[in-house]
Amino acid sequence: MSLVLDHDSNCLFCKIAAGKIPSRVVYEDAEFFAFHDIHPWAPVHFLIIPKLHIPSMAQVTAEHAALMGRMMALVPQLAAKEGCNPYPQGGFRLVTNTGAEGGQEVQHLHFHVMGGPRPWLRG
Ligand code: 5GP
Ligand code: ZN
């Protein structure tokens, strides 16, 4: 059976995207949800997720190419909206932890977007 689901009722980020668990919302459309990380590493630190329950980058295939492209295109738009300073003096860090050895804790694909003046707590 595919690990990619429309929605997994046991998944923390599916619950956040559905508004069942509160979050500080950055952005929402039909396909994506973005919200502030509960333990920010940087002055700006938010997560972008697809509403589709893809457990991690390890399950991404060519079938998801257009979706992933639209997710990537949200990054600079939302980074600017959330106060990341302009490139090249500013910029942001984009991170996707994948699997246990990749440091992934929540098993729903997410992009961390971090930015703002350094020093940062981590990252
Ligand atoms: P990972 O380690 O899987 O790449 O990152 C998961 C991220 O989700 C962590 O940075 C963690 O702080 C964040 N996180 C975990 N639980 C919650 C939550 O309930 N709400 C929010 N907003 N962020 C969460
Ligand atoms: Zn999920």
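Student: Which polar backbone atom is 3.2 Å from an oxygen atom of ligand 1?

Tutor: In this predicted model, the atom belongs to Gly 103.

Student: How much of ligand 1 does the protein bury?

Tutor: The ligand exposes 520 Å² when taken alone, and the protein buries 86% of that area.

Student: Which residues around ligand 1 come nearest?

Tutor: The shell has 16 residues, and the nearest are His 36, Asp 37, Asn 97, Glu 105 and His 112. By class, 7 are nonpolar, 7 polar and 2 charged. At least two residues each come from α1 (12–17) and β2 (32–36), with α1 giving the largest share, 3 residues.

Student: How should I read the empty space?

Tutor: A probe the size of a water molecule, rolled over the atoms, shows where space is left empty. Here the largest pocket holds about 590 Å³ of space, and ligand 1 sits in that pocket.

Student: What lines the largest pocket?

Tutor: The lining consists of 23 residues; Asp 37, Ile 38, His 39, Glu 105 and His 112 lie nearest the pocket's centre. The lining divides into 11 nonpolar, 8 polar and 4 charged residues.

Student: Which element gives the most to that lining?

Tutor: α1 does, with 3 residues. Both α1 and β2 supply at least two residues of the lining.

Methods. Residues are numbered from 1 along each chain as its sequence is written. Chains are lettered from A and ligands numbered from 1 in the order in which they are written. This is a predicted model: local features need pLDDT of at least 70, side-chain atom pairs count only at pLDDT 80 or more; totals for chains, interfaces and linings use all residues. Side-chain values use heavy atoms; hydrogens and water are left out. A residue is near a molecule or strand if one of its heavy atoms lies within 4 Å of it. A polar contact is a pair of N or O atoms within 3.5 Å; within protein, one must be able to donate a hydrogen and the other to accept it, and residues adjacent in sequence count only if both atoms are side-chain atoms. Accessible areas come from the Shrake-Rupley method with a 1.4 Å probe; for residues, only the protein chains shown count as cover. On a 1 Å grid over the protein atoms alone, a cavity is a set of points where a 1.4 Å probe fits but cannot get out, and a pocket is an open set with protein on both sides within 12 Å along at least five of seven lines; lining residues have an atom within 4 Å of a point. A molecule sits in a cavity or pocket if more than half of its atoms lie within 2 Å of its grid points. Helices (H or I, at least four residues) and strands (E, at least two) are DSSP runs, numbered from the N terminus. Ala, Val, Leu, Ile, Met, Phe, Trp, Tyr, Cys and Pro count as nonpolar, Asp, Glu, Lys and Arg as charged, and the others, Gly among them, as polar. Grid points are joined across faces, edges and corners, and a volume is the space filled by probe spheres set on the points.
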